[in-house]
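Dear colleague,

Please find the structure below for your files. My notes on it follow.

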Amino acid sequence: PADLEIQRVTIEVAGLKSPVRVAHFSDLQTDGIRPVELRARDAANAFEPDVTVFTGDVMNHLSLKAPVYEYLEGFRARRAKLFVGGDVDGGLSRKEFEAATGFEWLDGRVSTLKFGGARLAFLGFGLLDYRRGASFAEYLVRRAASADARVALSHRPDAAFALKGLPVSVLFTGHTHGGQVVIPGFGPPVTLTRMPRAVAAGGVHVFETLTVVLARGLGWEGHVAPRVRLFCRPHLILAELVPPARSAR
């Protein structure tokens, strides 16, 4: 649980004209700020991201708001810090969260940023949004119709099913904690998603035509659950979104 994995990936995104750096973490779900979380923040900031993305589940107890909000405020990004809510975030105030942390709460909204002449839209799926299925996904895509490229943020990876066939290149997601306990040679016995076990285990995978970037989280399940990680390291993803390589002539 203290052995942070930092995964660096490059993902081709049609429509981009220049690289975009995205630092992605999920499931902070903390009982208090530990050294591993400080290392994750330092590594994310050293990456000098254009956008920092947090895909939900902030803390296990609301009594931790002050130190957790101070921790999140310390994340840096050149252009934007974006957040979508998770399963344990229902008691948070959007207005207070945004003011204290500098993250824009994107549930049900679209944020479009310009990079090198191309417009990249970030589509935010809240917990209720992804359950609305393809119709809501189509609504968000319509709101981003003028963008040259689109990526989605969702706490739960099942949003991938709603995005099937739509012009969205990448889904940043979390929720599974990578299973939190993994059996070598098999994978996580419990994933809490309909996605394939290999995807739920975390990392970068292609599902249908969608690239799914699933962070295993920095923390662990709280409340009455045991605080344990086994063969499942906390996870920070540093992604560089790049224009597709030109086809060889």
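Which elements cover the buried residues of α1? The cover includes β1, β2, α2 (65–73) and β12, where buried means under 20% relative accessible area, exposed over 50% and partly exposed in between (1.4 Å probe, protein chains only). Helices (H or I, at least four residues) and strands (E, at least two) are DSSP runs, numbered from the N terminus.

The model is a predicted one, in which local features need pLDDT of at least 70, side-chain atom pairs count only at pLDDT 80 or more, and totals for chains, interfaces and linings use all residues. Residues are numbered from 1 along each chain as its sequence is written, and side-chain values use heavy atoms, with hydrogens and water left out.

The buried residues of α1 are V36, E37, A40, R41, A43 and A44. Seen down the helix axis, they fall within an arc of 165 degrees (taken from the directions from the axis to the C-beta atoms), so they line one face of α1. The face turned away from that buried side carries the exposed residues P35, D42 and A46. Just after α1, E48 takes a positive phi of about 55 degrees.

The open sheet has six strands in the order β1-β12-β2-β3-β4-β5, with mixed pairing; two strands pair if DSSP finds at least two bridges between them. β1 (5–12) and β5 (104–105) stand at the edges with a single partner strand each, so one side of each is left without a neighbour in the sheet. β1 pairs with β12 (residues 235–242) in the parallel sense over eight bridges, and R8 stands opposite L238 in β12.

There are 14 aromatic pairs in the structure. Rings of Phe, Tyr and Trp (its six-membered ring) pair if their centres lie within 6.5 Å; planes under 30 degrees apart count as stacked, over 60 as edge-to-face and the rest as tilted. Y69 and F97 form an edge-to-face pair, 5.6 Å centre to centre with 85 degrees between the planes. This pair links helix α2, which holds Y69, to helix α3 (residues 94–101), which holds F97, 28 residues apart. Y69 is buried at 6% relative accessible area, and F97 is buried at 0%. Both rings belong to one aromatic cluster, formed by F25, F54, Y69, Y71, F75, F83, F97, F103 and W105.

Yours sincerely

Conventions. Contact means heavy atoms within 4.5 Å.
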